[in-house]
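Dear colleague,

Please find the structure below, handed over for your own work.

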Amino acid sequence: MRLRVTPRATRWTAAATATALAVALLMAAGPPSAAPAHTATGHRWITDDQGRALVLTGLNTASSAKSRPDGLPWITEADVGREADEPGSDFVRLLIQWRTVEPSPGRYDDGYLDQVAERVRWYGARGFHVMLDLHQDVYGPAVKGNGAPAWATESDGLPVAARDPWELTYVEPGTVRAFDHFWGTRRAGRDLRAHYAAAWAHVAARFANDPAVLGYDLMNEPFGGSVQGPAFEAGPLAALYRQTIAAVRAVDHDSWIFVEPEAVSANWGLPSALPYLPDPRGPGERARIAYAPHLYPLPMDLGGGYTGDAEKWVDRTLASWREQTEKTARRLGAPVLIGEYGLDIALPGALRYVEKVRALADAMGAGTAYWSNDPGSWAPWDQNLRPTPLLPVLDRPEPRAIAGDPVAYGWDEASRTLSLRWRPLPGVRGDTEVHLPARFFPEGGEVTGAERGRWDPDSRVLHITSPPGGRGEVSVRIRPGA
């Protein structure tokens, strides 16, 4: 949930109630346990086809896809180049819409998927990993949201008033009823979940052999209608995930499948009840299920910045969010990707907050997708596509692919040093790759602890070759070259 409200709006009774509930639950959960000092070796990683651990960093593309009739983001191919060159992204969470995938029951719009595929090619040509996200907010356009087609929206004629902030539209009677019909809490005119799973199977069949497509985010910020909390996550949501995973695996054996928790609680650092979800890839094949929660601490969700008392609560939320996210990831046996985080960068302390989240992701070994690339006050560029102060915060040195089991990595701006440690693993091929922005590494980087390989000044990617032998721990430091 991203409330993005004005200070005046935070006085609403609904907002105050949500704040009180979240604070009470955080306090009831007790203080978070001590976190390890570095990335825990042996935890799951999202890997590429060479077995390398991927440190995915990028943007959500784009909020504009929600409202455009064609369901496509605002971008051109040149804008994809900007994402690669200016913040140095190598990953994108690309929004698509169920309403445009399946405009009528059982009929799929392959012309729309052709246009999605064209945009995937733009990203693939730049070396991006693409995650396709079947996005919804407030269910669908028929109840003043985005995502589901009108034919799949059964609100029984109940009213839906547009609310400000828009997230409050979730609790309108017609919206709740539409979700209840979808989840099967109320009997629907057709099996909507079967349609949803089949739509995903159609998308997955189209992109199964596309090397740029890393995987699929099954549902953005699931909402349970009249069923909430553990009953929703362990019940209807888990059932939909199992059904959709099976449908995808019938046509795509290898891509990663990303699942999200209920947003209302998990976004704020509260526990998730999402259960283990088996991946039917076959005997002896490791599951490729990843956990992709979002991160929007409630004080900032209500329009505040990262300062004063709000900063203290945000820091507590971040600690709780990490603890709960890692607990759920262990239960799922899944690596973690922060599928969304972000804020209006005009708010006080906003850039420090983004830096804090990036450091948190480094410590967890998690990928990140910032919300979003739509030009404006939340983005690395403004409405005229000029850089905002966010851009240099996002564009920093970091690993992209690590040829083994990562132990720790991190960027120290004061010493201009990027440090990496990993343990080589049998069967992992290829080099370790790191991204080195020009403002810190104008001539590339000098490597100690391993052999420097190829340097690509266009992509700003340096290859590092592990020492021969494949045993022990590799510890590398990269500093600006002469």
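Strand 2 (residues 57–61) is largely enclosed by the rest of the structure, because five of its five residues are buried (under 20% relative accessible area, with exposed over 50% and partly exposed in between; 1.4 Å probe, protein chains only). This is a predicted model, in which local features need pLDDT of at least 70, side-chain atom pairs count only at pLDDT 80 or more, and totals for chains, interfaces and linings use all residues. Residues are numbered from 1 along each chain as its sequence is written, and side-chain values use heavy atoms, with hydrogens and water left out.

Helices (H or I, at least four residues) and strands (E, at least two) are DSSP runs, numbered from the N terminus; two strands pair if DSSP finds at least two bridges between them. Strand 2 runs parallel to strand 3 (residues 91–96), joined by four bridges, and parallel to strand 9 (residues 367–370), joined by three. Leu59 has Val92 as its bridge partner in strand 3 and Tyr370 in strand 9.

Elsewhere, five strands form an open sheet in the order 1-10-13-16-15, with antiparallel pairing. Its edge strands, strand 1 (53–54) and strand 15 (451–456), each pair on one side only.

In helix 7 (residues 192–207), the buried residues include His195, Tyr196, Trp200 and Phe207.

Yours sincerely
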